[in-house]
Number of protein chains: 4
Amino acid sequence: MGLKALLINCTLKKSPEVSNTEVLLNKAIKLFSEKNVATETVRPVDSNILPGVSSNEGAGDEWPPILAKIKAADILVFGSPIWFGVRSSVIQRVLERLDGTYREADPDTGQFPLYGKVAGMVITGNEDGAHDVAANTLFNLSHLGCTVPPNVDTYWVGNAGPGPSYIDAGGEHHLYTNRTVRYMVENLVYFADLIKQNPIPTNLRALDDLARQE
Amino acid sequence: MGLKALLINCTLKKSPEVSNTEVLLNKAIKLFSEKNVATETVRPVDSNILPGVSSNEGAGDEWPPILAKIKAADILVFGSPIWFGVRSSVIQRVLERLDGTYREADPDTGQFPLYGKVAGMVITGNEDGAHDVAANTLFNLSHLGCTVPPNVDTYWVGNAGPGPSYIDAGGEHHLYTNRTVRYMVENLVYFADLIKQNPIPTNLRALDDLARQE
Amino acid sequence: MGLKALLINCTLKKSPEVSNTEVLLNKAIKLFSEKNVATETVRPVDSNILPGVSSNEGAGDEWPPILAKIKAADILVFGSPIWFGVRSSVIQRVLERLDGTYREADPDTGQFPLYGKVAGMVITGNEDGAHDVAANTLFNLSHLGCTVPPNVDTYWVGNAGPGPSYIDAGGEHHLYTNRTVRYMVENLVYFADLIKQNPIPTNLRALDDLARQE
Amino acid sequence: MGLKALLINCTLKKSPEVSNTEVLLNKAIKLFSEKNVATETVRPVDSNILPGVSSNEGAGDEWPPILAKIKAADILVFGSPIWFGVRSSVIQRVLERLDGTYREADPDTGQFPLYGKVAGMVITGNEDGAHDVAANTLFNLSHLGCTVPPNVDTYWVGNAGPGPSYIDAGGEHHLYTNRTVRYMVENLVYFADLIKQNPIPTNLRALDDLARQE
């Protein structure tokens, strides 16, 4: 099929510090490889992504090469830790910058650059907040053009309150997480291939024109 | 194609009281009809849906016939007003009852009854909260087995604070809402047909077995 | 001081079924009693609370007696389970009905009936979602007039995925939950007493008049 | 009373670019001044706040001077735009850094540095999301030690979909926003003074000890 998956690890920790989220992302990478899907990982915190909502914020902005990788992928898997019950400042920054893609729509169809891609979500946190992170992020990505297949989020969280993180808690052996990472990869690959073979024909421009006549 | 769409209007108002959400749902119905998709609307507040998380809560429970309609549909469109910034108690009740479908998985594939369906969201509120309603609901439905195509939520909200609702505010002429209801119907129908012709082959049971061996 | 605390258990389970949330609420009740705060518990699912957003929805509506208890209390502690990552349909229904109190403002000060009360939150779920439940509910209550002291939420959740609930998991021995229920009671009682002795003087009507002149 | 209010404008735009949120914050500043409350504004995007969850992330980190101002204030008002339905990456970064204050608890009482402060929230966005931003942020601040009085959030958002922002839309004349900014200032000042005169006596350490004995 020649599918490409990009894994975007939105940890707060710069390389080479150990990222819990990376360890769970690596499980997904292994599964993608078994299906002959090429994978690449980016870690936005290692780059100087300027604040803003355009695709290029000028001198010193290290977002454009990351955006190029996003545009080249068929499958996008976002990784995020949980802080204060919600997604990290790093993934929020990445999403804010993806707002710029709305202004790069195809001149004929009006489809945004992320149309035709599929999206999944990987989360680790020491406790509570995974639903909020996944729900908001997958919804935002659906606005940007991604399709969200069933069961494409996987997460590990511990029980209530502060506590050990994924690695230290032995989360790698947690059955629920190990099941759902498999569901995620299976469904992402199936839908990425399906959409690649059957590109979404929707012409947003034409629909806009009809709406204007109402 | 023979597709069927079920629109589930989770207003707080019993029939025949006028529902703002229904008026926007009716725009979707008109568009579905133009594509030869059969539609049916249910209004859960008119039924006595007992509290609980199973598919049948016993004597007096009027959930089973609604669930049967949900299972028979290819496309599910949930409608909800916004109260206190989040989705209504009626749609929350409906989702709680859908929890029961997890325990009705296909014995061979482990797929839940909502696998293979596509889901969309229609929201009206006099102000703020549509993102929260749509994000949580579409995410919950993706857990239950639904696919979420791009741009399958449409909403109308007024500006900050109390104010007129969709009908009284002339929301029917709001361009953004009229555009997005068209995006929603177009993409729901395309994906419903695509999935019907290419059923999701994922075997959740087999993946569970592999996960147990880790 | 003569303080009264009302605990509102928004479980989905009717009496006498065992409620996990009730067991954690009972810890709070014991601590309130040690401080000579009178307590009473209501379980809304046992009453027929009609859908709507007024304080009385007519024949058969069993909300008015619950509202009367809410108005008579100094301290409100809401209990809720987590379903699909968010608060229960029962607590959402209760909040929708509290919308009616906005229209019962004091004719002189414009203060709503919940002004001067303090609010806390108790949550049990088998996993993830407590932050979302507490954040939305305490925020809604602050709109209705309640003060939210520091550290007035307490919760128990297990780790990722389905699993045993509070009672079966031995959550009663979970240190984080046992600490935070104590923080909650301590700060609720301190602030309830402080506000009772120093009633909030804010005149919302007068502020409205000033805003209208801008 | 000698109260000090710090306004933290978490816009994505660096000075001197015009910030919509700043214009609404300035309304609050004017009202604080009328009550002889000293005010200061910080704009975190102008500083190099390193990613992390401690109070000092080392060389080049410009968070410590902002944290010092936060600790010195009696009243904290956070300002944020809305992006993708939720709070900005800048305010999320600020909150992540405030996580470090949990580890600076008073050795006797265990109270965190933000105990005794009151918090409010100012939001502008071109549409939908204010409830989510305010609910999460005020809840997070209550965990950190702040008290949340009634009606201490104020926001302006336009109706559904992209559109003009606060300034261009004439939001400065929006009655709901002009009323609620007054409610916010009035209640923040009343509670800041009340708590200053009646410091919260709660000994978190002692409560921890009792919980450990359970």
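Guide: We can go through a strand, a pocket, a helix and some backbone details.

Guide: One caution before that: this is a predicted model.

Visitor: Fine. Is strand β1 of chain B buried or exposed?

Guide: Largely enclosed. Of its 6 residues, 4–9, 5 are buried, so the rest of the structure largely encloses β1(B). The cut-off for buried is under 20% relative accessible area.

Visitor: Which strands does β1(B) pair with?

Guide: One is β2(B), residues 38–42, in the parallel sense over 5 bridges. There, Lys4(B) stands opposite Ala38(B). Another is β3(B), residues 75–83, which also runs parallel to β1(B) and is joined to it by 5 bridges. On that side Leu6(B) stands opposite Leu76(B).

Visitor: Back to β2(B). How does the chain cross to it from β1(B), right-handed or left-handed?

Guide: Right-handed. The β-α-β crossover goes from β1(B) through helix α1(B), residues 20–34, to β2(B).

Visitor: New topic. How much space lies in the largest pocket?

Guide: About 1,100 Å³. It is lined by 42 residues, and those closest to its centre are Asp99(B), Arg103(B), Trp83(C), Asn126(C) and Pro162(C).

Visitor: Which element gives the most to that lining?

Guide: α5(A), with 4 residues. Elements giving two or more also include β6 of chain A, α4 of chain B and β3 of chain C.

Visitor: What about helix α5 of chain B? How far does it reach?

Guide: Its 23 residues, 175–197, reach 34 Å from first C-alpha to last. That is close to the 33 Å expected at 1.5 Å a residue. In α5(B), 17 of the 23 residues are buried, so the helix is largely enclosed by the rest of the structure.

Visitor: Where are the cis peptide bonds?

Guide: One joins Ser15(A) and Pro16(A), with omega about 5 degrees. Pro16(A) is in the loop between β1 and α1 of chain A. Another runs from Ser15(D) to Pro16(D), with omega near 5 degrees. Pro16(D) lies in the loop between β1 and α1 of chain D.

Visitor: Which residues other than glycine have positive phi?

Guide: Asn36(B), near 60 degrees, is one of them. Asn151(B), at about 55 degrees, is another.

Visitor: Buried or exposed, those two?

Guide: Asn36(B), in the loop between α1 and β2 of chain B, counts as exposed because its relative accessibility is 66%. Asn151(B), in the loop between α4 and β6 of chain B, counts as buried at 7%.

Methods: Residues are numbered from 1 along each chain as its sequence is written. Chains are lettered from A and ligands numbered from 1 in the order in which they are written. This is a predicted model: local features need pLDDT of at least 70, side-chain atom pairs count only at pLDDT 80 or more; totals for chains, interfaces and linings use all residues. Side-chain values use heavy atoms; hydrogens and water are left out. Buried means under 20% relative accessible area, exposed over 50%, partly exposed in between (1.4 Å probe, protein chains only). Two strands pair if DSSP finds at least two bridges between them. A crossover is right-handed if, with the strands pointing away from the viewer, the path from the first strand over the helix to the second runs clockwise. On a 1 Å grid over the protein atoms alone, a cavity is a set of points where a 1.4 Å probe fits but cannot get out, and a pocket is an open set with protein on both sides within 12 Å along at least five of seven lines; lining residues have an atom within 4 Å of a point. Grid points are joined across faces, edges and corners, and a volume is the space filled by probe spheres set on the points. The expected span of a helix is 1.5 Å times one less than its number of residues.
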